[in-house]
Amino acid sequence: MSHRSRLAGFIIDCDTGDLEGAAAFWRAVLGDGRVRKPQGKYVKLDPQRGLHVEVQKVAHPSRVHLDIATDDIPAEVARLERLGARQVKALKNWTVMEAPTGHRFCVIRGRGASFEADARVWEDGA
């Protein structure tokens with residue numbers, strides 16, 4: 001058996017009461033001229049074609065984390081644990097992981113043609 005995964009993008013976690021203001025700052029930093037309204041606790045940015053970036057309102061210290069997309073979340077979590085990561089929390093649609101370096105990241109479901117075209121194939125258990 002095998003599964004696929006790839007870098008999905010970056011999430012800018014902001015411990016703020018002003019999500020629109022935070023998104024406006026990061027839009028200016030990244031050169032994104034498209035103004036988008038928050039969708040719940042997220043504002044999607046479009047700094048460069050093909051790179052997924054969102055500003056997210058959080059209740060923990062601000063930081064940037066990355067998302068890894070996969071077609072099999074349990075298999076990807078197992079692969080990452082073999083590499084030394086640890087599972088922090090399994091949620092309905094994603095899993096929060098922590099690298100041996102202390103960096104948090106998420107494993108999410110991969111979707112779309114770009115995932116199909118760009119994802120790397122991993123042999124499960126290898």
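Mentor: Happy to; we will go through helix H2 and then visit a few other spots. Keep in mind that this is a predicted model. Helix H2 covers residues 73-82, and its buried residues are Ile73, Ala75, Glu76, Val77, Arg79 and Leu80. In an α-helix, residues three or four places apart point the same way, because each turn takes 3.6 residues. Among the elements that cover the buried residues of H2 are strands S1 (2-14), S4 (63-70) and S5 (86-90), along with S6 (94-98), S7 (104-109) and S8 (120-123).

Now look at the two ends. Where H2 starts, Asp72 brings a side-chain oxygen to within 3.1 Å of the backbone nitrogen of Ala75. Just after the helix, Gly84 has a positive phi of about 115 degrees. Arg79, one of the buried residues of H2, places its charged end over the ring of Trp122, 3.6 Å from the ring centre.

Glu54 is buried but has no salt bridge, and Lys44, the nearest side chain of opposite charge, is 6.6 Å away. The side chain of Glu54 does make a polar contact of 3.4 Å with that of His52. Leaving aside residues up to four places away in sequence, Glu54 touches Phe10, Ile11, Ile12, Tyr42, Val43, Lys44 and Leu45.

Last, the aromatic rings: the count is 1 aromatic pair. Phe25 and Trp26 form an edge-to-face pair because their planes stand at 85 degrees, with ring centres 5.1 Å apart. Phe25 counts as partly exposed at 48% relative accessibility, and Trp26 counts as partly exposed at 25%.

Key
Residues are numbered from 1 along each chain as its sequence is written. This is a predicted model: local features need pLDDT of at least 70, side-chain atom pairs count only at pLDDT 80 or more; totals for chains, interfaces and linings use all residues. Side-chain values use heavy atoms; hydrogens and water are left out. Buried means under 20% relative accessible area, exposed over 50%, partly exposed in between (1.4 Å probe, protein chains only). Lys and Arg count as positive and Asp and Glu as negative; His and the chain ends are not counted. A salt bridge is a side-chain nitrogen of Lys or Arg within 4 Å of a carboxyl oxygen of Asp or Glu. A polar contact is a pair of N or O atoms within 3.5 Å; within protein, one must be able to donate a hydrogen and the other to accept it, and residues adjacent in sequence count only if both atoms are side-chain atoms. Contact means heavy atoms within 4.5 Å. Helices (H or I, at least four residues) and strands (E, at least two) are DSSP runs, numbered from the N terminus. Rings of Phe, Tyr and Trp (its six-membered ring) pair if their centres lie within 6.5 Å; planes under 30 degrees apart count as stacked, over 60 as edge-to-face and the rest as tilted. A charge sits over a ring if NZ of Lys or CZ of Arg is within 6 Å of the ring centre and within 35 degrees of the ring normal.
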